[in-house]
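This report goes through one protein chain, from its overall layout to single residues. Keep the sequence and the structure in view while reading.

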Amino acid sequence: MKMDERILCLCMNVGAEAIRHAVEQGAETFEEVCQRTGCARSCSMCADEIKGEIGRTLAARDGRRGGEKN
Ligand code: FES
């Protein structure tokens, strides 16, 4: 199974896959990802984990885009 089913935000039941999907759909900041997924709306214990996932996804995305940048 390739899908990453890890739940990163237990309070709001938001998984790693949802975080990556939000980033791939254009969310680039923690706040934007929270707005799109509903994550980190309660205890916020998940914030560091989610920020890490956003960073890794952005890095992977930018790596994939290769020479598209100016
Ligand atoms: S684990 Fe994400 S708000 Fe509590």
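Along the sequence, the protein chain runs in the order β-β-α-α-α. That makes three helices and two strands. The model is a predicted one. The radius of gyration of the protein chain is 12 Å, close to the 11 Å that the globule rule gives for 70 residues, so the chain is as compact as a globular protein of that length. Its C-alpha trace spans about 40 × 30 × 15 Å along the principal axes. Among the 70 residues of the protein chain, 27% count as buried. Of the contacts in the protein chain with a separation of 6 or more, 48% are between residues 24 or more positions apart.

**The nonpolar core**

In soluble globular proteins, nonpolar side chains tend to be buried together. Which residues touch the most other members of the largest nonpolar core? This core has 16 residues, and the ones with the most contacts to other members are L8, C9, I19, V33, C39 and I50. At least two core residues come from each of β1, α1 (16-24), α2 (30-37) and α3 (47-65). The greatest share is that of α1, which gives five residues.

C9 shows how such a core residue is surrounded. Apart from neighbours within four places in sequence, C9 is in contact with V14, C39, A40, C46 and I50. Two of these partners, C39 and I50, are also on the list of core residues that touch the most other members.

| α1 | A16, A18, I19, A22 and V23 | within 165° |

An α-helix has 3.6 residues a turn, so residues three or four places apart point the same way. As for its length, α3 has 19 residues and reaches 27 Å from its first C-alpha to its last, close to the 27 Å expected at 1.5 Å a residue.

In α1, the buried residues are A16, A18, I19, A22 and V23. Their arc is 165°, so they line one face of α1. The elements that cover them include β1, β2, α2 and α3.

**Positive phi values**

Some residues have a positive phi. Just after α1, G26 takes a positive phi of about 120°. G38, which follows α2, has a positive phi near 85°.

Which loop holds N13? N13 is found in the loop between β1 and β2 (14-15). N13 is not a glycine, yet it has a positive phi of about 55°. N13 counts as exposed because 11 other C-beta atoms lie within 10 Å.

S44 belongs to the loop between α2 and α3. Phi of S44 is positive, near 65°, and S44 is a residue other than glycine. With 13 C-beta neighbours inside 10 Å, S44 counts as partly exposed.

R6 is found in the segment before β1 (7-9). Is R6 buried or exposed? R6 is exposed, because 11 other C-beta atoms lie within 10 Å and the cut-off for exposed is 12 or fewer. Not counting residues up to four places away in sequence, R6 touches G15 and A16. Of these, A16 is one of the buried residues of α1. R6 and C43 are 37 residues apart in sequence, and their C-alpha atoms are 18 Å apart in space.

Terms used
Residues are numbered from 1 along each chain as its sequence is written. This is a predicted model: local features need pLDDT of at least 70, side-chain atom pairs count only at pLDDT 80 or more; totals for chains, interfaces and linings use all residues. Helices (H or I, at least four residues) and strands (E, at least two) are DSSP runs, numbered from the N terminus. A residue is buried if 20 or more other C-beta atoms lie within 10 Å of its own, exposed if 12 or fewer, and partly exposed in between; C-beta atoms are placed from the backbone. Two residues are in contact if their C-beta atoms, placed from the backbone, lie within 7 Å. A nonpolar core is a set of buried Ala, Val, Leu, Ile, Met, Phe, Trp, Tyr and Cys residues joined through C-beta atoms within 7 Å. The expected span of a helix is 1.5 Å times one less than its number of residues. The radius of gyration is taken over C-alpha atoms; the globule rule is 2.2 Å times the number of residues to the power 0.38. The arc is that of the directions from the helix axis to the C-beta atoms.
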